[in-house]
Amino acid sequence: MSDIVQFLNAPPILANLDQIRAALDTTQEVHPIYNPDKDMSPSAYKLKYRSAAVLIPIWRSPEDDQLNVLVTKRALHMRNHPGQISFPGGKHDPDDASIQYTALRETLEEVGLAPDCFDLIGELGEYCTISGYCIKPIVAEMTRFSEMSLCEDEVKSVHWVPLDYLLDPSNYQFKTKQLGTVARGYFEINYQGIRIWGVTAGILYGLYQTLSNHIR
(Lines give C-alpha, C1' and ligand atoms only; values in the text may rest on other atoms or scores of the structure.)
Protein backbone atom coordinates (compact mmCIF):
# COMPACT_ATOMS: atom_id res chain seq x y z
CA MET A 1 0.00 0.00 0.00
CA SER A 2 3.00 2.32 -0.26
CA ASP A 3 1.57 3.75 -3.50
CA ILE A 4 -1.60 4.75 -1.64
CA VAL A 5 0.29 6.44 1.19
CA GLN A 6 2.45 8.29 -1.31
CA PHE A 7 -0.62 9.48 -3.22
CA LEU A 8 -2.48 10.67 -0.13
CA ASN A 9 0.52 12.81 0.79
CA ALA A 10 1.17 14.10 -2.72
CA PRO A 11 0.75 17.80 -3.66
CA PRO A 12 -2.31 19.06 -5.52
CA ILE A 13 -2.21 19.60 -9.27
CA LEU A 14 -3.41 22.82 -10.84
CA ALA A 15 -4.09 22.04 -14.48
CA ASN A 16 -5.63 23.92 -17.37
CA LEU A 17 -7.19 22.33 -20.44
CA ASP A 18 -4.09 22.76 -22.57
CA GLN A 19 -1.99 20.95 -19.98
CA ILE A 20 -4.54 18.14 -19.70
CA ARG A 21 -4.66 17.79 -23.46
CA ALA A 22 -0.86 17.67 -23.66
CA ALA A 23 -0.66 15.10 -20.86
CA LEU A 24 -3.16 12.81 -22.58
CA ASP A 25 -1.81 13.38 -26.09
CA THR A 26 1.03 10.92 -25.86
CA THR A 27 2.26 7.99 -27.92
CA GLN A 28 3.43 6.20 -24.80
CA GLU A 29 1.69 3.01 -23.75
CA VAL A 30 -1.39 3.64 -21.63
CA HIS A 31 -1.31 1.49 -18.50
CA PRO A 32 -4.39 0.28 -16.62
CA ILE A 33 -5.38 2.35 -13.60
CA TYR A 34 -4.11 0.77 -10.41
CA ASN A 35 -6.96 -0.68 -8.35
CA PRO A 36 -5.70 -1.42 -4.81
CA ASP A 37 -8.76 -3.55 -4.09
CA LYS A 38 -7.49 -6.05 -6.65
CA ASP A 39 -4.31 -6.48 -4.60
CA MET A 40 -6.36 -6.98 -1.45
CA SER A 41 -8.75 -9.54 -3.00
CA PRO A 42 -7.02 -11.00 -6.09
CA SER A 43 -9.24 -14.08 -6.26
CA ALA A 44 -12.35 -11.89 -6.62
CA TYR A 45 -10.94 -10.41 -9.83
CA LYS A 46 -10.45 -13.66 -11.73
CA LEU A 47 -13.24 -12.75 -14.10
CA LYS A 48 -14.12 -12.67 -17.77
CA TYR A 49 -14.26 -8.92 -18.29
CA ARG A 50 -16.65 -6.96 -20.51
CA SER A 51 -15.82 -3.58 -22.05
CA ALA A 52 -17.43 -0.35 -20.88
CA ALA A 53 -16.72 3.37 -21.13
CA VAL A 54 -17.41 6.53 -19.18
CA LEU A 55 -17.13 10.17 -20.15
CA ILE A 56 -15.34 12.65 -17.87
CA PRO A 57 -16.90 15.95 -19.01
CA ILE A 58 -14.96 19.11 -18.09
CA TRP A 59 -16.59 22.54 -18.38
CA ARG A 60 -14.64 25.80 -18.16
CA SER A 61 -16.81 28.40 -16.49
CA PRO A 62 -16.75 31.66 -18.49
CA GLU A 63 -17.27 33.64 -15.29
CA ASP A 64 -14.10 32.59 -13.46
CA ASP A 65 -12.30 30.15 -15.83
CA GLN A 66 -12.68 27.42 -13.20
CA LEU A 67 -12.76 23.87 -14.56
CA ASN A 68 -15.62 21.72 -13.30
CA VAL A 69 -16.31 18.02 -13.75
CA LEU A 70 -19.79 16.62 -14.33
CA VAL A 71 -20.91 13.62 -12.27
CA THR A 72 -24.29 11.96 -11.97
CA LYS A 73 -26.17 10.44 -9.06
CA ARG A 74 -27.69 7.14 -10.07
CA ALA A 75 -31.43 6.66 -9.66
CA LEU A 76 -32.40 5.23 -6.27
CA HIS A 77 -34.49 2.40 -7.73
CA MET A 78 -31.69 0.94 -9.87
CA ARG A 79 -30.73 -2.65 -9.15
CA ASN A 80 -26.99 -2.00 -9.33
CA HIS A 81 -25.30 0.79 -7.32
CA PRO A 82 -28.44 2.85 -6.57
CA GLY A 83 -27.75 6.42 -5.46
CA GLN A 84 -24.02 6.23 -6.15
CA ILE A 85 -22.06 9.03 -7.81
CA SER A 86 -20.71 8.08 -11.22
CA PHE A 87 -19.68 9.40 -14.59
CA PRO A 88 -22.09 9.06 -17.50
CA GLY A 89 -21.33 5.84 -19.30
CA GLY A 90 -22.09 2.16 -19.65
CA LYS A 91 -21.27 -1.08 -21.36
CA HIS A 92 -19.90 -1.25 -24.89
CA ASP A 93 -22.51 -2.56 -27.29
CA PRO A 94 -21.50 -4.64 -30.34
CA ASP A 95 -23.06 -2.02 -32.63
CA ASP A 96 -20.97 0.83 -31.14
CA ALA A 97 -18.44 2.11 -33.66
CA SER A 98 -15.79 2.64 -30.98
CA ILE A 99 -15.31 2.82 -27.23
CA GLN A 100 -15.41 6.62 -27.53
CA TYR A 101 -18.80 6.30 -29.22
CA THR A 102 -19.98 4.22 -26.26
CA ALA A 103 -19.14 6.99 -23.82
CA LEU A 104 -20.83 9.66 -25.97
CA ARG A 105 -23.91 7.53 -26.63
CA GLU A 106 -24.40 6.78 -22.95
CA THR A 107 -23.94 10.46 -22.05
CA LEU A 108 -26.66 11.43 -24.52
CA GLU A 109 -28.97 8.74 -23.14
CA GLU A 110 -28.38 9.58 -19.48
CA VAL A 111 -28.20 13.39 -19.38
CA GLY A 112 -29.27 14.53 -22.84
CA LEU A 113 -25.94 16.08 -23.88
CA ALA A 114 -25.27 15.46 -27.57
CA PRO A 115 -21.85 14.44 -28.92
CA ASP A 116 -21.42 17.85 -30.56
CA CYS A 117 -21.29 19.39 -27.07
CA PHE A 118 -17.87 17.82 -26.56
CA ASP A 119 -14.31 17.94 -27.78
CA LEU A 120 -12.56 14.69 -26.89
CA ILE A 121 -9.27 15.42 -25.13
CA GLY A 122 -7.88 11.96 -24.54
CA GLU A 123 -8.16 8.70 -22.65
CA LEU A 124 -6.98 7.08 -19.44
CA GLY A 125 -6.02 3.47 -18.99
CA GLU A 126 -8.76 0.97 -18.25
CA TYR A 127 -10.11 0.55 -14.72
CA CYS A 128 -11.20 -3.05 -14.07
CA THR A 129 -13.93 -3.63 -11.50
CA ILE A 130 -15.04 -6.47 -9.28
CA SER A 131 -18.36 -6.49 -11.15
CA GLY A 132 -16.61 -7.74 -14.29
CA TYR A 133 -16.13 -4.60 -16.38
CA CYS A 134 -12.99 -2.98 -17.73
CA ILE A 135 -13.95 0.68 -18.03
CA LYS A 136 -12.27 3.06 -20.46
CA PRO A 137 -12.46 6.68 -19.20
CA ILE A 138 -12.74 9.25 -22.00
CA VAL A 139 -11.84 12.83 -21.02
CA ALA A 140 -13.72 15.55 -22.88
CA GLU A 141 -14.07 19.31 -22.82
CA MET A 142 -17.67 20.47 -22.85
CA THR A 143 -17.48 23.21 -25.47
CA ARG A 144 -21.15 24.11 -25.57
CA PHE A 145 -23.27 24.43 -22.46
CA SER A 146 -26.63 22.86 -23.19
CA GLU A 147 -29.66 22.27 -21.02
CA MET A 148 -29.64 18.71 -19.72
CA SER A 149 -32.51 16.25 -19.94
CA LEU A 150 -32.06 13.51 -17.35
CA CYS A 151 -33.16 9.94 -17.95
CA GLU A 152 -35.16 9.37 -14.78
CA ASP A 153 -34.79 5.60 -15.10
CA GLU A 154 -31.03 5.97 -14.63
CA VAL A 155 -30.17 9.39 -13.18
CA LYS A 156 -31.55 11.15 -10.12
CA SER A 157 -29.43 14.32 -10.35
CA VAL A 158 -26.24 15.84 -11.76
CA HIS A 159 -23.49 17.73 -9.94
CA TRP A 160 -20.50 19.87 -10.89
CA VAL A 161 -17.32 19.39 -8.86
CA PRO A 162 -14.28 21.68 -9.27
CA LEU A 163 -11.45 19.84 -11.00
CA ASP A 164 -8.93 21.45 -8.62
CA TYR A 165 -10.75 19.77 -5.73
CA LEU A 166 -10.57 16.37 -7.43
CA LEU A 167 -6.85 16.80 -8.17
CA ASP A 168 -5.98 17.46 -4.52
CA PRO A 169 -5.06 14.20 -2.75
CA SER A 170 -5.81 15.78 0.64
CA ASN A 171 -9.50 15.48 -0.32
CA TYR A 172 -9.21 11.70 -0.68
CA GLN A 173 -9.46 8.97 1.91
CA PHE A 174 -8.61 5.32 1.47
CA LYS A 175 -11.02 3.12 3.35
CA THR A 176 -11.13 -0.59 4.05
CA LYS A 177 -13.92 -2.86 5.15
CA GLN A 178 -14.27 -6.53 5.94
CA LEU A 179 -16.80 -8.61 4.03
CA GLY A 180 -16.76 -11.97 5.75
CA THR A 181 -13.20 -13.19 5.40
CA VAL A 182 -12.36 -10.80 2.56
CA ALA A 183 -10.83 -7.36 3.04
CA ARG A 184 -11.90 -4.69 0.55
CA GLY A 185 -10.45 -1.24 -0.13
CA TYR A 186 -11.56 1.89 -1.98
CA PHE A 187 -11.00 5.62 -2.35
CA GLU A 188 -13.58 8.13 -1.13
CA ILE A 189 -14.03 11.87 -1.76
CA ASN A 190 -16.65 14.04 -0.07
CA TYR A 191 -17.75 17.33 -1.60
CA GLN A 192 -20.68 19.47 -0.49
CA GLY A 193 -22.82 16.57 0.62
CA ILE A 194 -22.02 14.15 -2.18
CA ARG A 195 -19.92 11.05 -1.62
CA ILE A 196 -17.73 9.96 -4.51
CA TRP A 197 -16.29 6.52 -3.87
CA GLY A 198 -15.43 3.17 -5.37
CA VAL A 199 -15.00 3.04 -9.14
CA THR A 200 -15.57 6.77 -9.74
CA ALA A 201 -13.04 7.82 -7.11
CA GLY A 202 -10.65 5.18 -8.45
CA ILE A 203 -10.87 6.63 -11.95
CA LEU A 204 -10.21 10.13 -10.56
CA TYR A 205 -7.16 8.71 -8.78
CA GLY A 206 -6.05 7.44 -12.20
CA LEU A 207 -6.58 10.90 -13.69
CA TYR A 208 -4.37 12.43 -11.02
CA GLN A 209 -1.65 9.82 -11.57
CA THR A 210 -1.68 10.38 -15.34
CA LEU A 211 -1.49 14.17 -15.05
CA SER A 212 1.16 14.05 -12.34
CA ASN A 213 3.52 12.32 -14.77
CA HIS A 214 3.36 15.36 -17.06
CA ILE A 215 2.45 18.36 -14.90
CA ARG A 216 4.85 19.47 -12.18
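Is E188 buried or exposed in this model? At 4% relative accessibility, E188 counts as buried, where buried means under 20% relative accessible area, exposed means over 50%, and partly exposed covers what lies in between (1.4 Å probe, protein chains only). The structure is a predicted model, so local features were taken at pLDDT of at least 70 and side-chain atom pairs at pLDDT 80 or more, while totals for chains, interfaces and linings use all residues. Residues are numbered from 1 along each chain as its sequence is written, and side-chain values use heavy atoms, with hydrogens and water left out.

First, the overall picture. Six helices and eleven strands make up the secondary structure of the protein chain; helices (H or I, at least four residues) and strands (E, at least two) are DSSP runs numbered from the N terminus. The chain has a radius of gyration of 17 Å, close to the 17 Å given by the globule rule for 216 residues, so it is as compact as a globular protein of that length. That radius is taken over C-alpha atoms, and the rule is 2.2 Å times the number of residues to the power 0.38. Along the principal axes, the C-alpha atoms fill a box of roughly 50 × 40 × 40 Å. Of the 216 residues, 47% are buried. The chain exposes about 11200 Å², with carbon and sulfur atoms supplying 48% of it; the areas come from the Shrake-Rupley method with a 1.4 Å probe, and for residues only the protein chains shown count as cover. As for contacts (heavy atoms within 4.5 Å), 66% of those between residues at least 6 apart in sequence join residues at least 24 apart.

Nine of the ten residues of β7 (residues 133-142) are buried, so the strand is largely enclosed by the rest of the structure. Pairing here requires at least two DSSP bridges between two strands. Strand β1 (residues 50-60) runs parallel to β7 and is joined to it by nine bridges, with A52 partnering I135. Strand β5 (residues 118-123) pairs with β7 in the antiparallel sense over five bridges, and here E123 stands opposite I138. Strand β6 (residues 127-128) is also antiparallel to β7, over two bridges, with C128 opposite C134. β6 and β7 form a hairpin with four residues between them, and G132 in the turn has a positive phi of about 95 degrees.

Charged side chains come next. Side chains of opposite charge can pair when their charged atoms come close. A search of the whole structure turns up twelve salt bridges, each defined as a side-chain nitrogen of Lys or Arg within 4 Å of a carboxyl oxygen of Asp or Glu. K136 lies in β7 and E123 in β5, so the pair ties together parts that are 13 residues apart in sequence. K136 is buried at 14% relative accessibility, whereas E123 is partly exposed at 27%.

Another bridge links R105 and D93 at 3.3 Å, N to O. Because R105 lies in helix α4 (residues 99-111) and D93 in the loop between β4 (89-91) and α4, this pair ties together parts that are twelve residues apart in sequence. R105 counts as buried, at 13% relative accessibility, and D93 as partly exposed, at 26%. Both belong to a network of salt bridges that links D93, D96, R105, E106 and E109. E188, the residue in the opening question, meets R195 in a salt bridge of 3.0 Å, N to O; R195 is partly exposed at 36% relative accessibility.

Finally, the rings. Eleven aromatic pairs are found in the structure, counting rings of Phe, Tyr and Trp (its six-membered ring) whose centres lie within 6.5 Å; planes under 30 degrees apart are stacked, over 60 edge-to-face, and the rest tilted. F187 and Y205 make a stacked pair, 4.7 Å centre to centre with 25 degrees between the planes. The pair links distant parts of the chain, as F187 sits in strand β10 (residues 182-191) and Y205 in helix α6 (residues 199-212), 18 residues apart. F187 is buried, with a relative accessible area of 2%, and Y205 is buried at 2% relative accessibility.
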